[in-house]
Amino acid sequence: MAEISPTPTATVSNAAPVISVTDAGIRFKRNRSSRRSFKDLFAGRNRRTRPGEFWALRHVSFEVQPGEAIGVVGRNGQGKSTLLKLVAQVVYPDEGAVAVNEGVAPLIEITGGFVADLSVRDNVYLTAGLHGMTKREIDERFDEIIEFAEIRDFVDTPYKHLSSGMKVRIAFAVISRLEEPIILVDEVLAVGDKAFREKCYTRIEELLAGGRTLFFVSHSERDLLRFCTRGLYLDKGALVLDAAIGEVVDRYNADYGV
């Protein structure tokens, strides 16, 4: 069971949680050759793990209030990105429950959900439209999105021909213009150059000031302390500490000698 310490609540409302994770667990296969049988579809959630399977996360529980800024801390391979995908509902738990009561703007992979063969222009309209923006709203924000991404000369270029840095630019520019109350940011911003990354961080601060809820995964202690007030420390697929971000960072550094 995770250790839970009091977290700052000055800027957090008393409204119902926007995210509730209850005893959640998700199981993966170590290789593609191991297959589940047809009867596994109807097996109970408590069945024994088969050879070749492992729990990426298990017995994870927490709630998030509107306006909280959560930093997810842990070594590589400890379940941080998997947790964000659960909240984004890209994947679903094998046990327990994940309830997300508001819309989510996810930046959890470098592609940002864009389609490789479509142009940048078409991808902007597709991605924003899938998140509920009308064509008129996208028309009004299109120039702002492209200027923020600094790729005006590439709007009719197929997305697959962009560099990794350009893909991050346009993905963040679109996601950060959505009206979704919850923002998920994985470590993809590390691909961008320093100047653009700082511009993204300024935008994140604007969104937080506007009352958005943030889930932020990073190995940068400086960035975690800059944006987040609360931390979730994952280790070996378990939530070992839920506390103020400074306490979580200190515990992680103590455990792994950072």
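This is a predicted model: local features need pLDDT of at least 70, side-chain atom pairs count only at pLDDT 80 or more; totals for chains, interfaces and linings use all residues.

Visitor: OK, and how far apart are the end C-alpha atoms of H7?

Guide: They are 17 Å apart. H7 has 12 residues, 245–256, and at 1.5 Å a residue they should span 16 Å, so the two values agree.

Visitor: Which residues of H7 are buried?

Guide: Ile245, Val248, Val249, Tyr252 and Asn253. Looking down the axis of H7, you find these buried residues within an arc of 130 degrees, so they line one face of the helix.

Visitor: Why would that spacing work in general?

Guide: An α-helix has 3.6 residues a turn, so residues three or four places apart point the same way.

Visitor: And which residues are exposed on the other side of H7?

Guide: Asp250 and Ala254 are exposed there.

Visitor: Switching topic: where does Gln78 lie?

Guide: Gln78 is in the loop between S4 and helix H1 (80–88).

Visitor: Buried or exposed, that Gln78?

Guide: Buried, because its relative accessibility is 8%, and the cut-off for buried is under 20%. A polar atom of the Gln78 side chain lies 2.4 Å from the backbone nitrogen of Lys236. Leaving aside neighbours within four places in sequence, Gln78 is also in contact with Ala56, Leu57, Leu234, Asp235 and Gly237, among others.

Visitor: How about Arg30, buried or exposed?

Guide: Arg30 counts as exposed, because its relative accessibility is 60%. You'll find Arg30 in the loop between strand S2 (19–29) and strand S3 (53–64). Not counting residues up to four places away in sequence, Arg30 touches Gly52, Glu53 and Phe54. Arg30 and Phe54 are 24 residues apart along the chain, with their C-alpha atoms separated by 7.1 Å.

Visitor: Last one: how many residues has the largest nonpolar core?

Guide: It has 48 residues, and Val124, Ile170, Leu189, Leu214 and Phe216 have the most contacts inside it. Helix H4 (residues 164–175) gives the most to this core, with 7 residues. Another core, of 28 residues, lies apart from it, and Val60, Ile70, Val217 and Leu239 are among its members.

Visitor: What does Ile170 touch?

Guide: Not counting residues up to four places away in sequence, the list for Ile170 includes Phe114, Val120, Val124, Ile145 and Tyr159.

Technical notes:
Residues are numbered from 1 along each chain as its sequence is written. Side-chain values use heavy atoms; hydrogens and water are left out. Helices (H or I, at least four residues) and strands (E, at least two) are DSSP runs, numbered from the N terminus. The expected span of a helix is 1.5 Å times one less than its number of residues. Buried means under 20% relative accessible area, exposed over 50%, partly exposed in between (1.4 Å probe, protein chains only). The arc is that of the directions from the helix axis to the C-beta atoms. A polar contact is a pair of N or O atoms within 3.5 Å; within protein, one must be able to donate a hydrogen and the other to accept it, and residues adjacent in sequence count only if both atoms are side-chain atoms. Contact means heavy atoms within 4.5 Å. A nonpolar core is a set of buried Ala, Val, Leu, Ile, Met, Phe, Trp, Tyr and Cys residues joined through side-chain atoms within 4.5 Å.
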